[in-house]
Amino acid sequence: MAKYCPFMLVLMTVFFFFFFFFFTVLSVAENTATCSDCWLSDSDKLARPILREVYDNGRIYDISHRYSKEMAYFEGMGYHLWLQASMKNGSIGNLSELKLNMHAGTHVDAPGHVFDDYFDAGFDVDSLDLDVLNGPGLLVDVPRDKNITAEVMKSLNIPKGVRRVLFRTLNTDRRLMFKTEFDSSFAGFMEDGARWLVENTDIKLVGTDYMSVAAVDEQLETHHVFLKDRDIILVEGLKLDDVPEGIYSIHCLPLRLFGSEGSPIRCILIK
């Protein structure tokens with residue numbers, strides 16, 4: 001029997017490495033299979049979430065900005081998220097609390113934002129028409145050296161019948177929504193541009209790429225033109241970088257905040 005020992009030793013070694021390799025591959029496969037939405041950290045081997053902007057191989061675009069301390073906001077409007085109860089401190093679950101101005105980040109304006117009688121009457125975000133906020137629409141590029149005036153609106157040649165339009169301006173190129181400090185030089189609608197849109201198009205959803213739809217010099221006047229008839233909805237602070245111009249199915253959902261003139265909103269585009 002002794003002469004067979006070297007052979008048996010070799011055989012056992014081969015089996016050992018085979019099973020080791022097999023179970024290693026199986027373990028990796030299981031981790032991969034259960035981690036389609038994450039990546040594994042090299043340092044601690046823990047799963048980390050994949051933060052995506054595009055889904056389903058480019059069919060779905062998330063055009064909402066993340067809410068964080070680094071987000072863009074008007075002066076004095078910050079973002080405050082804290083862990084009120086923590087499992088690390090003995091709580092049975094983690095419980096966060098948020099303090100956020102309703103016009104920070106990607107958000108929607110209701111008519112009560114600039115008309116006090118509408119605010120008192122209850123024309124809040126809970127009263128907004130979800131049919132207007134969801135449906136086919138256009139993403140268009142605005143000439144980069146201009147605010148959106150009547151002349152610019154005319155040059156865009158938006159067809160009659162189009163009800164939803166997202167306007168991409170120089171704000172996207174300058175990545176203004178990725179800067180914490182408010183920048184008053186942003187591009188937006190002038191009053192005459194808003195009036196031209198109201199009088200000459202069928203657009204009911206207006207989306208723009210900075211915190212206000214209106215250029216800083218004509219803030220109130222432009223908002224009044226858009227919101228006085230309560231049939232146009234304004235979505236502001238959209239994330240439109242790296243999204244091709246064209247036709248999409250637009251889907252925007254604000255929170256049902258009873259009594260609020262604005263709300264954070266999640267918007268996506270589907271090809």
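At 32% relative accessibility, Asp-231 counts as partly exposed, a class that lies between buried (under 20% relative accessible area) and exposed (over 50%), as calculated for protein chains only with a 1.4 Å probe. The structure is a predicted model, in which local features need pLDDT of at least 70 and side-chain atom pairs count only at pLDDT 80 or more, while totals for chains, interfaces and linings use all residues. Residues are numbered from 1 along each chain as its sequence is written, and side-chain values rest on heavy atoms, with hydrogens and water left out.

## Salt bridges

Asp-231 is joined to Lys-204 by a salt bridge whose closest N and O atoms are 2.9 Å apart, the term being used for a side-chain nitrogen of Lys or Arg within 4 Å of a carboxyl oxygen of Asp or Glu. Because Lys-204 lies in the loop between α6 and β10 (205-208) and Asp-231 in the loop between α7 (219-227) and β11 (233-236), the pair ties together parts that are 27 residues apart in sequence. Helices (H or I, at least four residues) and strands (E, at least two) are DSSP runs, numbered from the N terminus. Lys-204, with a relative accessible area of 23%, is partly exposed.

In total the structure holds 14 salt bridges. One of them brings together the side chains of Arg-266 and Asp-62, at 2.6 Å from N to O. This pair links distant parts of the chain, with Arg-266 in strand β13 (residues 262-270) and Asp-62 in strand β4 (residues 60-62), 204 residues apart. Asp-62 is buried, at 7% relative accessibility.

Asp-126 and Arg-256 form a further salt bridge, in which the closest N and O atoms are 2.8 Å apart. Here, too, distant parts of the chain are linked, since Asp-126 belongs to the loop between α2 (116-121) and α3 (130-133) and Arg-256 to the loop between β12 (246-254) and β13, 130 residues apart. Asp-126 is partly exposed, with a relative accessible area of 29%, whereas Arg-256 is exposed, at 70%.

## Aromatic pairs and a charge over rings

The structure holds eight aromatic pairs, in which rings of Phe, Tyr and Trp (its six-membered ring) have centres within 6.5 Å, planes under 30 degrees apart counting as stacked, over 60 as edge-to-face and the rest as tilted. Among them, Tyr-118 and Phe-123 form an edge-to-face pair, 5.6 Å from centre to centre and with 70 degrees between the planes. The rings of Phe-167 and Phe-189 have their centres 5.1 Å apart and their planes at 85 degrees, and this pair is therefore edge-to-face as well. Phe-167 stands in strand β9 (residues 164-168) and Phe-189 in the loop between α5 (170-173) and α6 (191-200), and the pair thus links distant parts of the chain, 22 residues apart.

| Residue | Relative accessibility | Class |
|---|---|---|
| Tyr-118 | 13% | buried |
| Phe-123 | 28% | partly exposed |
| Phe-167 | 0% | buried |
| Phe-189 | 0% | buried |

Tyr-118 and Phe-123 also belong to a cluster with Phe-115, linked by ring pairs. The charged end of Arg-230 sits over the ring of Tyr-118, 4.8 Å from its centre, where sitting over a ring requires NZ of Lys or CZ of Arg within 6 Å of the ring centre and within 35 degrees of the ring normal. The charged end of Arg-230 sits over the ring of Phe-123 as well, 4.1 Å from its centre.

## Helix packing

The axes of α6 and α7 come within 8 Å and cross at roughly 5 degrees. The two helices are therefore roughly parallel to each other. On the α6 side the contact (heavy atoms within 4.5 Å) is made by Glu-191, Ala-194, Arg-195, Leu-197 and Val-198, and on the α7 side by Glu-221, Thr-222, Val-225 and Phe-226.

Within α7, Thr-222, His-223, Val-225, Phe-226 and Leu-227 are buried. The buried residues of α7 pack against β7 (107-109), α2, α6, β10 and β11.

Helix α5 contains Thr-172, a residue that is buried with a relative accessible area of 12%. Residues up to four places away in sequence being left aside, Thr-172 touches Asp-209, Leu-240 and Asp-241.

Methods
Axes are lines fitted to C-alpha atoms, for helices over the stretch in contact, and angles run from 0 to 180 degrees between N-to-C directions. Angles under 35 degrees count as roughly parallel, over 145 as roughly antiparallel, 65 to 115 as roughly perpendicular and the rest as oblique.
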